[in-house]
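Q: Could you walk me through this one before I set anything up? I'd like the overall picture and then some of the local details.

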Amino acid sequence: MKKLGRNDTCHCGSGKKYKKCCLEKDEKEKSARALYESEKNKESNNDPLDNDFEDIIEEEELNNYFEENKDIEYEKNRKKYVCKKFEENLPEISAEKHKIIDEWWEELKKIYKETDENPTKIKNHIETFLNDYPELAINQEIHHEVIFELEASYKRKGNYDEFIVFLKWYREKFSEAYALSATCYDYYLIAYSLIKKEIDNISLYFSYYQEYPYHAPDKLMDVMELLIANNCEDLIIKLLKDIYPYIYYSSNVINSYTFVLPILFSKYIPYIKPDYTENDIELLINDLKEIDSQILEMGVITKKYYYKKMLENMFNTPDLNNYKYSLRDYYQHIGRNYLIFLYKHKNKSWITAYYYSFEIEEYLNKMDKEKKENPNFIFNKKKIESYILNHYRSFFGLKPVPAITFLQAVYFFAEVY
């Protein structure tokens with residue numbers, strides 16, 4: 001085969017010259033592969049891996065240098081994982097029917113003005129209209145403000161059960177109108193079901209998130225975080241297992257990789273055990289290759305060496321006084337050890353334990369980001385408050401569920417270290 005020249009068209013199909021496209025990447029791959037083969041031979045002769053080599057190989061793996069034609073495959077997947085777009089189509093209605101809706105709104109304004117906060121009266125006003133004019137439900141347009149205000153009012157008045165009964169009725173009888181803000185309404189129903197321990201009902205409220213996975217990714221994230229905080233591993237997997245590639249390749253979703261992480265970690269679950277075997281690692285890698293083929297740019301590692309090291313670190317308590325690796329590796333080792341503690345002693349599912357340990361790792365790395373040696377754990381009121389304000393802020397204020405999850409993680413971490 002003719003050797004590809006620097007000025008030839010690049011093999012990846014981009015149309016660019018090789019020197020302007022993949023040459024640098026290919027040279028790095030060639031160098032890393034040569035080093036890998038050299039060290040692999042050493043390992044087969046029972047020679048220990050050099051620490052510098054470990055760092056090089058891990059970096060190469062994390063950057064996916066061993067993938068071929070990544071850009072082409074990425075584009076194929078991006079076109080493949082396109083799902084149905086949500087359309088807000090309000091049917092045309094006559095002027096007479098518009099008048100009926102306008103009169104209803106005028107009555108609603110009077111209720112707001114003439115009475116103290118009375119969510120039941122507002123609810124009854126909504127129900128009367130819907131029962132009298134069911135065909136106008138979608139044109140009523142109460143999904144912008146009215147139902148959200150009603151939910152907040154019931155919450156303040158302490159009669160939330162009545163709101164949930166109404167919301168379930170609205171969902172069942174007027175699904176087209178409900179769909180206009182279904183991702184928000186279903187979040188209320190999921191949260192309520194968790195509070196009432198009605199776990200079997202929760203997956204009934206996944207349908208809109210799964211049919212339109214990137215219509216409201218912020219609400220899907222809220223649901224995922226809520227399930228993680230409540231230790232609902234099976235439900236998290238059920239929610240995401242068929243939709244995570246679609247979310248990942250959506251240009252509308254920021255940090256789309258976060259929706260892949262629960263599925264990725266779910267693949268580890270059968271193999272997280274101290275008596276793992278070489279065959280276990282082979283099976284794990286085969287499971288991960290499926291995700292790797294779907295999610296190209298995440299850098300899913302499929303190398304045996306990496307998972308041997310990961311499992312070894314999980315079940316070996318690190319020596320805090322004599323740790324020879326980088327600060328980030330040190331905290332990763334601590335995090336994995338903490339994960340095992342949560343699973344064994346706090347009855348946390350693997351996915352919830354992973355997120356708790358991930359939150360701790362993130363905190364430690366950010367608090368100690370200027371340190372080069374002598375790692376320590378800095379937890380005090382001022383630093384924790386500052387971290388929460390900076391990392392769990394949204395447009396509407398603090399995000400309560402992830403903030404509380406972080407505080408819970410800190411609380412349990414204190415028991416270990």
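Q: To start with, what share of the contacts between residues at least 6 apart in sequence join residues at least 24 apart?
A: Among those contacts in the chain, 62% join residues at least 24 apart. Please keep in mind throughout that this is a predicted model.

Q: How many helices and strands are there in the chain?
A: The chain has 21 helices and two strands, and of its 417 residues 46% are buried.

Q: What about pockets, how big is the largest pocket by volume?
A: The largest pocket has a volume of about 1600 Å³. It is lined by 47 residues, and those closest to its centre are Met221, Asp222, Glu225, Lys399 and Pro402.

Q: Which element gives the most to that lining?
A: That is α12, which gives ten residues to the lining of the largest pocket. The elements that each supply at least two lining residues are α7 (146-157), α10 (182-195), α12, α19, α20, β1 (393-394) and α21 (400-416).

Q: Stay with α12 then; is it mostly covered or mostly open?
A: It is mostly covered, as eleven of its 13 residues are buried. The buried ones are Pro217, Lys219, Leu220, Met221, Asp222, Val223, Met224, Glu225, Leu226, Leu227 and Ile228, so under 20% relative accessible area is the cut-off that applies to each of them.

Q: And how far apart are the end C-alpha atoms of α12?
A: They are 18 Å apart, which agrees with the 18 Å that the 13 residues of α12 (residues 217-229) should span at 1.5 Å a residue. Just after α12, Asn231 takes a positive phi of about 65°.

Q: Speaking of rings, how many aromatic pairs does a search of the whole structure find?
A: The search finds 38 aromatic pairs. One of them is formed by Tyr81 and Tyr249, whose ring centres are 5.9 Å apart and whose planes are at 10°, so this pair is stacked.

Q: Where do those two tyrosines, Tyr81 and Tyr249, lie?
A: Tyr81 lies in the loop between α3 (70-80) and α4 (95-114), while Tyr249 lies in the loop between α14 (244-248) and α15 (261-268), so the pair ties together parts that are 168 residues apart in sequence. Both Tyr81 and Tyr249 are buried.

Q: Give me another one: is the pair of Tyr363 and Tyr387 stacked or edge-to-face?
A: With ring centres 5.0 Å apart and planes at 80°, the pair of Tyr363 and Tyr387 is edge-to-face.

Q: Last topic, backbone angles: what is phi of Glu141, and of Lys197?
A: Phi of Glu141 is near 55°, a positive value in a residue other than glycine. Glu141 is in the loop between α6 (137-140) and α7, and its 31% relative accessibility makes it partly exposed. For Lys197, phi is near 60°, again positive in a residue other than glycine. Lys197 is found in the loop between α10 and α11 (207-211), where, at 69% relative accessibility, Lys197 counts as exposed.

Note on methods:
Residues are numbered from 1 along each chain as its sequence is written. This is a predicted model: local features need pLDDT of at least 70, side-chain atom pairs count only at pLDDT 80 or more; totals for chains, interfaces and linings use all residues. Side-chain values use heavy atoms; hydrogens and water are left out. Helices (H or I, at least four residues) and strands (E, at least two) are DSSP runs, numbered from the N terminus. The expected span of a helix is 1.5 Å times one less than its number of residues. Buried means under 20% relative accessible area, exposed over 50%, partly exposed in between (1.4 Å probe, protein chains only). Rings of Phe, Tyr and Trp (its six-membered ring) pair if their centres lie within 6.5 Å; planes under 30 degrees apart count as stacked, over 60 as edge-to-face and the rest as tilted. On a 1 Å grid over the protein atoms alone, a cavity is a set of points where a 1.4 Å probe fits but cannot get out, and a pocket is an open set with protein on both sides within 12 Å along at least five of seven lines; lining residues have an atom within 4 Å of a point. Grid points are joined across faces, edges and corners, and a volume is the space filled by probe spheres set on the points. Contact means heavy atoms within 4.5 Å.
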